[in-house]
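I opened my notebook to look up charged side-chain pairs. Here is what I wrote down as I went.

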Amino acid sequence: MEKTASELTAMEESAAGDIYIGGGESNALRQLAATAQRFWTDNPNVQFHLFSGSSADVSDRLDKGLLDFGILMEPRDLRKYDHMRLPVVDVWGVLMPGGYPLSKKTMVQPEDLWDVPLLVSQQMMQTNRFAQWFRRDYESLNIAATYNLIFNALLMVEAGLGCALAYEGLVNTEGRELCFRPVSPRMEDELYLVWKKFQVFSKAS
């Protein structure tokens, strides 16, 4: 109700109001942030509201009308949304303590992780994509923890709990006892900006 009332009020003004955007942790947000900055410079009466969560959380909020736009990573069913593919991909790799034996490698192979304590995203556990990459069932891996956002997983990695499977570029390893190595064979996710079909946008959106 508050969102609708705000949009009705904003219609009386020029390029003012609220824009609600949801997405997971991804480097695609850098491109979105640059676009938002340019838009806001020309329309300073617009306010952005950001929601961070898994693709399932973002989809749920889109469906309920709580978000105007979402950023979803593949694999997702996009049939109920209008969407555009973003010109970036997220590359998977392993975040590990700097002194870890695997840090001496330039790429991490599936068999390198078979017996290593792992921190994996909850979203990853809901698909078989990584199980196929590992060539093993998740039950046979040494999964020490699951996470939905990388920051808390990062603290666990720093504490020595294990290695986290994560997207490249989300954690700045400079000045920290951490390193990141991409996986091989390469794993990457395409990203999409999505919105509900037949959605009536506010003037700002």
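First, my terms for accessibility: buried means under 20% relative accessible area, exposed means over 50%, and partly exposed is in between, with a 1.4 Å probe and protein chains only.

I'm working with a predicted model, where local features need pLDDT of at least 70, side-chain atom pairs count only at pLDDT 80 or more, and totals for chains, interfaces and linings use all residues. Residues are numbered from 1 along each chain as its sequence is written, and side-chain values use heavy atoms, with hydrogens and water left out.

Next, the rule for pairs: I call it a salt bridge when a side-chain nitrogen of Lys or Arg is within 4 Å of a carboxyl oxygen of Asp or Glu. How many salt bridges does that rule give? I get 8.

Entry on Lys-64: its side chain meets that of Asp-60 in a salt bridge, 3.1 Å from N to O. Lys-64 is exposed at 58%, while Asp-60 is partly exposed at 36%.

Entry on Lys-105: I found it in a salt bridge with Asp-112, at 2.7 Å from N to O. Lys-105 comes out as partly exposed, at 30%.

Entry on Asp-189: the partner here is Arg-129, and the closest N and O atoms of this salt bridge are 2.5 Å apart. Asp-189 sits in strand 9 (residues 188-196) and Arg-129 in helix 5 (residues 129-134), so the pair ties together parts 60 residues apart in sequence. My helices (H or I, at least four residues) and strands (E, at least two) are DSSP runs numbered from the N terminus. Is Asp-189 buried or exposed? Asp-189 is buried, at 2%, whereas Arg-129 is partly exposed, at 25%.
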